[in-house]
Each structure stands twice: as structure tokens, then as C-alpha cells.
Amino acid sequence: MQYDVVVIGSGPGGYVGAIRCAQLGLKTAVIEKYKTFGGTCLNVGCIPSKALLDSSEHYHNAAHTFTTHGIDLKDLKVNMPQMIARKDDVVAQNTAGITYLFKKNKIDSYEGLGSFVDKNTILVTKTDGSTETLTAKNVIIATGSKPTALPFLPIDKKRIITSTEALNIKEVPKSMVVIGGGVIGLELGSVYARLGTKVSVVEFLPSIISTMDASLGKELQRVLKKNLGMEFYMNHKVTGATVKGKTVTVKADNAKGESISLDADFCIVAVGRTAYTEGLGLDKIGITVEERGKKVPVNAHLETAVPGVYAIGDVVTGAMLAHKAEDEGTYVAETIAGQKPHINYNLIPGVVYTWPEVASVGLTEEQLKEQGTKYKAGSFPFKASGRAKASMDTDGFIKVLADATTDEVLGVHMIGPRAADMIAEAVIAMEFRASAEDIARTCHAHPTYTEAFKEAALAATDNRAIHI
């Protein structure tokens, strides 16, 4: 079969890129090695983890805040098989949605492993060993990433597990060690901590969510410890783990070189993700992946060294985020069609779906200081928000960073209720080069959580927040 574009991988970057190609009139095909579309995100990442986060949050609220709201319950318990079944149904609905969108846009799909014969010829190897050959004018590599493993800590997928296996634990563990204080580890750790698991987080660095503004990690660690009883071992280097029966023993050294030992039912290894390029046959077309992280090198247009071969999402440099991959899929489709799209990588938001949620866009205070940029900072706590008091979600704050001279917003960092949704207002404001004054003079509905954003902007402009 001859195509204008063949996309290898159907995750957020791949399926969005394919749909945009089809919208632009390009004959498009997608190759996916698994039986369902959607990649890591829809099958074993973003979507199922959010389903479990929502379910566990409902349980935690029922157990800890319903009586305060005037709702009395008895015999409250977790039905873990039903929780997992609901999660699986959410995944099935979303993956079926991709199948529908491919049919709607007349995109051909092939199940199997896609690999290069040459830059215009792709071999599809199916699970039964049979093969099929596709030819394409352009190819988009969108094969995503997989959990990073530690060489000295083998993952048995039973007691020492990754985020994938953590989505299918059939009963609530009594204890769990999470290696890695990043987004994935904290989200999954909080799922089980809400259900009653004693969760210990071991992190090599001095702060959790270390790529975000330092104030966010500090506040999130405080809240997770206070609300969920999570324990944190910062500045600790994991040296190994052993399994005996149903117990995992994790060993780590602290900053002084002193060794500690933690016993748990499960150990989740969440130390990041590595680009997945195995089996693509990149060497046959002259592409060499980077030694660290296995990333595919691309130019400013996301094109590899081989003309007509593009790469997007987790297999290229930058944040490993589904929405970043989606934007890159659209970008490449429009580039192939001869358009002139753009992506502002500085304005791709980052989100942590704990509760409270954490969200950030733009530059952090640490980055501004390092650059020598003079800036103003304004902050507003949710404990001063009427809407947050009404919902009993008073932890956290919103911080606005603005240029000291021009007042242009340079960064927005928030931890609080619905921060994942609220950050979009900051992204739009910054896309239009808004000043803190612009946000401060924009009417926000009352009572809402977003009023805290307006108040933080007021605080950043002559320290004139009203409600604190």
C-alpha cells in the first residue's frame, strides 16, 4: 500500500498526528503493535491512573470528610476488584474512541511491529509472524517510552513493579515503597495512601517534583505527609532490593552514607521513562539514537537526519507529556502539508494529579534567578479563598511571576484544588503576552478557585491583593 504518511505508534502524538494528516487530505496509515490504540497514555498511563486517582479520592473523602459535611456512613470498605474493573472500563471507552476516530477520518490501521526497510518502506510484522509492506512519502515515529529500570534492581512485575503493574493490584497493600519522587511515583503512591496503605517515598534529590518551582515540591510534600501520612526519604540513594515471600526489602544510603532498610508488600520503581525505539530498524536508514535516554535526534521541524522521516513525543527531546506529543503530532502533519505551524515549548504546562493538584507553566523562580532576570512575585493561599473554604480544599497557593520592568507574566505555579484545569488560563494569558495587571483587571466569577489566580496577579502588581 502507498501512503502519503505512515505513523508508527498510536499514542497521543501518533493518533493526533494521523488524524490531522487525514484532515489535511493526506492518505494516512497507523501501525500499532498492541491490540488497542492509545499507547501508554490511554492503556497504562494517564487515563487509568486518573481513574484510580478519582476512585481513591472518593473513598478518602468518604472516610475522612463526609461526617464534617453532614454525611454519615457505616461499614465503609474498598472493593478493589470493582475499582480496577471501573478503571478498565474507562480505558476501553477511550481506546474504542480512537478506533472510531480512525474510521471517521478514513485512516488505515495495521496491527504489528513497524520497522524500516528503507526510508520510504515500512515492514509490518504481525503477531503470527506474517508480514506486510507499506510505502510512504513521509513517516512519523511516535513509539513513545517505557519505564526506566535500575540495572541493580531487577523488576519481577510481582513485588518489584513499574507503574503498569501498579494499576492492577487486586487488594489494598499494607505497605509500599515508591522509588522516585516524580509525577508518576507521587500519583500512584497517593492512590494507595488514600486507600490506607503506608507509603514511603525514596528520592535521590533533596526535593520531590524537582523540575517544577521549588515552592511547589515543598508544599506538596508537607500536604501529602499531613493528609495521607506518606513518609519521605530525601537525599537517599537506593542500593538494591530483595524479595522474600510476599515482602520486598529496599535498601538505601542517606546523604551521610548511612544505610537504611524499608520492608513493604510492594516496591514501585518510578525513576522516569526511556524512549522506546527497539525494533524500529533505525540503523537501516542511518539514524543513531542518543546514548542517554535513547532519544531520536531531530531538527527544529521535528525532522530526523533522514528527509521525510519525523519523530515526535517521548522519543524526542523535551518533557514526556501527552499534550506535548499531541501538539508535535499536529505540528508535523501541518509541516508535511506545507503549512508553517509553531510550538512554544516554554508554554507547555506540567501537571501532577495528586490532591491538591500541582500545575506549572513558564519559568520558575530558580530559572529566573539563574538567568539574572529581574522579576516580581505575587502569591495567594487557598486558605483565604471563599470557594476553597466551602469545599474544604484550603491547602496550597497560586504564585505569579512577572517581569519587574514590563509586568509580562513569566511563570505561573499553583498547588491547589483543580489546578490541572486552572493552569489553562495562565497558558492562554502567557500565549498572548499578558501582564500581571491584565489578569488582575480581568473579572473572575465569584466564588471560584480561579479568583486565587487574580489575587496572585494583584499581589504581583504593587502587592495589592484584596482578600489577604
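## How do we know?

Student: Which elements do the buried residues of α4 pack against?
Tutor: They pack against α1 (12–23), β2 (28–32), α2 (39–44), α3, β3 (108–111) and α6 (183–194). Contact here means heavy atoms within 4.5 Å. Helices (H or I, at least four residues) and strands (E, at least two) are DSSP runs, numbered from the N terminus.

Student: Good to know! What kind of model is this?
Tutor: It is a predicted model, in which local features need pLDDT of at least 70 and side-chain atom pairs count only at pLDDT 80 or more, while totals for chains, interfaces and linings use all residues. Residues are numbered from 1 along each chain as its sequence is written, and side-chain values use heavy atoms, with hydrogens and water left out.

Student: Which residues of α4 are the buried ones?
Tutor: They are Met80, Met83, Ile84, Lys87, Val90, Val91, Thr95, Ile98 and Phe102. Buried means under 20% relative accessible area, exposed means over 50%, and partly exposed lies in between (1.4 Å probe, protein chains only).

Student: How do you know what span to expect for α4?
Tutor: The expected span of a helix is 1.5 Å times one less than its number of residues. For the 25 residues of α4 this gives 36 Å, and the end C-alpha atoms are 36 Å apart, so the two agree. After α4 comes Lys106, which has a positive phi near 55°.

Student: Why is Lys324 called buried?
Tutor: Its relative accessible area is 2%, so Lys324 is buried. Lys324 lies in helix α8 (residues 322–336). Setting aside neighbours within four places in sequence, its contacts are Gly313, Val316, Thr317, Gly318, Ala319, Tyr345 and Ile348.

Student: And what makes Leu228 a buried residue?
Tutor: Leu228 has a relative accessible area of 15%, so it is buried too. You will find Leu228 in helix α7 (residues 214–228). Not counting residues up to four places away in sequence, Leu228 touches His60, Ser190, Ala193, Arg194 and Val223. Leu228 and His60 are 168 residues apart in sequence, but 9.2 Å apart in space, C-alpha to C-alpha.

Student: What makes Ile71, Leu73 and Leu76 a patch?
Tutor: A patch takes residues with over 30% relative accessible area and no salt bridge; like charges are joined within 9 Å, and nonpolar side chains (Val, Leu, Ile, Met, Phe, Trp, Tyr) within 5 Å. Leu76, for one, has a relative accessible area of 38%, so it is partly exposed. Together the three residues form a nonpolar surface patch with about 250 Å² of accessible area, a kind of value that comes from the Shrake-Rupley method with a 1.4 Å probe, where only the protein chains shown count as cover for residues.

Student: Why is the pair of Lys137 and Asp4 called a salt bridge?
Tutor: A salt bridge is a side-chain nitrogen of Lys or Arg within 4 Å of a carboxyl oxygen of Asp or Glu. The closest N and O atoms of Lys137 and Asp4 are 3.3 Å apart, and the pair forms a salt bridge. Lys137 lies in strand β6 (residues 131–141) and Asp4 in strand β1 (residues 2–8), so the pair ties together parts 133 residues apart in sequence. Lys137 is exposed at 52% relative accessible area, whereas Asp4 is buried at 18%.

Student: How many salt bridges does a search of the whole structure find?
Tutor: The search finds 18. One of them joins the side chains of Arg441 and Glu437 at 2.4 Å, N to O. Arg441 is exposed at 66% relative accessible area, while Glu437 counts as partly exposed at 23%. Elsewhere, salt bridges that share partners join Glu219, Arg222, Lys226 and Asp395 into one network.

Student: Why does His446 count as exposed?
Tutor: His446 has 62% relative accessibility, so it counts as exposed. It sits in the loop between α12 (436–440) and α13 (451–460), and a cis peptide bond with omega of about -5° joins it to Pro447.

Student: Where does UniProt place the feature "active site"?
Tutor: An unreviewed UniProt entry places that feature at His446. UniProt positions are given in the numbering used here, feature names are shortened, and annotations may be inferred rather than shown by experiment.
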